[in-house]
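Open the model in your viewer and keep the selection tool at hand. This tour goes stop by stop, saying what to select and what is there.

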Amino acid sequence: MTKNIIKTFALGTLLTFSFSNAQQKPKVVLDNFFNNEKKENKETKVLESWHYTWNDTSNGGFSLLGEIFTKQGAEISTLTTAPSKKDLKNANIYIIVDADIDKEAYGGKANLIDPTSIKNLTDWVKKGGVLVLMSNDNGNSEFEHFNKLAGEFGIHFNDDSYNRVQKREFEQGKVMVPAGNEIFSEQKLYMKEVATVSVKSPAKELLSAEGKNIAAIAKIGKGTVFALGDPWCYNEYIDGKKLPADFTNYQGTEEWVKWLLKQTSKK
């Protein structure tokens with residue numbers, strides 16, 4: 001691990017492994033540079049990262065997703081800088097979620113995806129890395145620079161918003177997965193206010209909502225890219241407390257995690 005990659009907490013439990021075991025575990029690295037939201041802890045008065053982070057146990061956190069990865073045998077960590085070649089060498093899966101716009105970023109100035117990061121990530125994917133790109137919808141995510149990265153793999157996030165849900169009309173956020181999907185079994189997922197995704201070779205469409213494509217996968221060299229127009233697997237929608245029982249986001253997240261980890265075995 002480089003000094004910039006830090007181990008994080010999942011539901012308050014420090015993830016520690018012996019060196020020999022850690023070497024064998026797939027390493028899942030979550031970006032905390034391009035998505036760099038912070039808020040003050042009311043008790044400690046210390047600024048803390050939140051929103052789509054492993055240690056965030058609130059509705060918008062990824063603590064439950066982190067638990068699913070670790071239960072499947074992975075080691076999770078966080079990268080607080082732009083990904084260097086050295087950082088990526090220590091990663092099997094690298095996840096960027098909801099790239100900041102200025103109003104969301106700590107200090108009011110977003111860290112935009114730059115040409116060096118794009119080259120580093122593209123080269124890493126070709127060598128066998130698994131890249132996960134999840135945007136948000138119009139007005140809630142940075143598109144221009146995020147798309148420069150996604151475009152390297154035939155993927156484009158559209159600056160729009162579908163599956164808009166009014167209050168508790170959850171059916172408006174349904175995504176029906178048909179039988180035969182490459183990642184998910186036949187089921188009903190919930191994805192609210194989703195950006196659509198356009199694809200060209202080598203990418204291919206994966207899921208649809210309101211008749212529009214919202215997800216894609218691409219195989220590049222030895223590697224894989226997964227793209228979705230929503231951070232759909234955060235705590236609020238996989239903890240089983242809010243959504244009606246016929247939505248299966250937790251099951252879908254488990255299937256997705258298993259698929260991502262399976263891609264790493266091809267490196």
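Select Leu65, Ile68, Phe69 and Lys71 in helix α2, then Tyr250, Thr253, Glu254, Trp256, Val257, Leu260 and Leu261 in helix α6: these two groups meet, contact meaning heavy atoms within 4.5 Å. By class, this contact of α2 with α6 has eight nonpolar, one polar and two charged residues. Here Ala, Val, Leu, Ile, Met, Phe, Trp, Tyr, Cys and Pro count as nonpolar, Asp, Glu, Lys and Arg as charged, and the others, Gly among them, as polar.

A note before moving on. This is a predicted model, in which local features need pLDDT of at least 70 and side-chain atom pairs count only at pLDDT 80 or more, while totals for chains, interfaces and linings use all residues. Residues are numbered from 1 along each chain as its sequence is written, and side-chain values use heavy atoms, with hydrogens and water left out.

**The helix pair**

Helices (H or I, at least four residues) and strands (E, at least two) are DSSP runs, numbered from the N terminus.

Now colour α2 by burial. Its buried residues are Ser63, Leu64, Leu65, Gly66, Ile68 and Phe69. Buried means under 20% relative accessible area, exposed over 50%, partly exposed in between (1.4 Å probe, protein chains only). Just after α2, click Gly73: its phi is positive, about 95 degrees.

**The core**

Which residues touch the most other members of the largest nonpolar core? Select Phe62, Phe69, Ile95, Met134, Leu207, Phe226 and Trp256, out of 47 residues in that core. Such a core is a set of buried Ala, Val, Leu, Ile, Met, Phe, Trp, Tyr and Cys residues joined through side-chain atoms within 4.5 Å. Helix α6 (residues 249-264) gives this core its largest share, five residues.

Stay on Trp256. Beyond its neighbours within four places in sequence, Trp256 is in contact with Leu65, Val132, Met134, Ile183, Phe184, Phe226, Trp232 and Cys233. Apart from this core lies another, of 30 residues, including Leu88, Ala99, Ala203 and Ala218.

**A strand and another helix**

Go to Leu206 in strand β14 (residues 203-209). Leu206 counts as buried because its relative accessibility is 12%. Asn181 is 25 residues from Leu206 in sequence, yet 7.3 Å away in space, C-alpha to C-alpha.

Next, Ser117 in helix α4 (residues 115-126). Is Ser117 buried or exposed? Buried, with a relative accessible area of 1%. Phe34, Ala82 and Pro83 are in contact with Ser117, leaving aside neighbours within four places in sequence.

**Backbone stops**

Zoom in on the loop between β13 (197-199) and β14, where Pro202 sits. The peptide bond from Ser201 to Pro202 is cis, with omega near 10 degrees.

Finish with Asp98, in the loop between β8 (93-97) and α4. Asp98 is not a glycine, but has a positive phi of about 50 degrees. Its relative accessible area is 0%, so Asp98 is buried.
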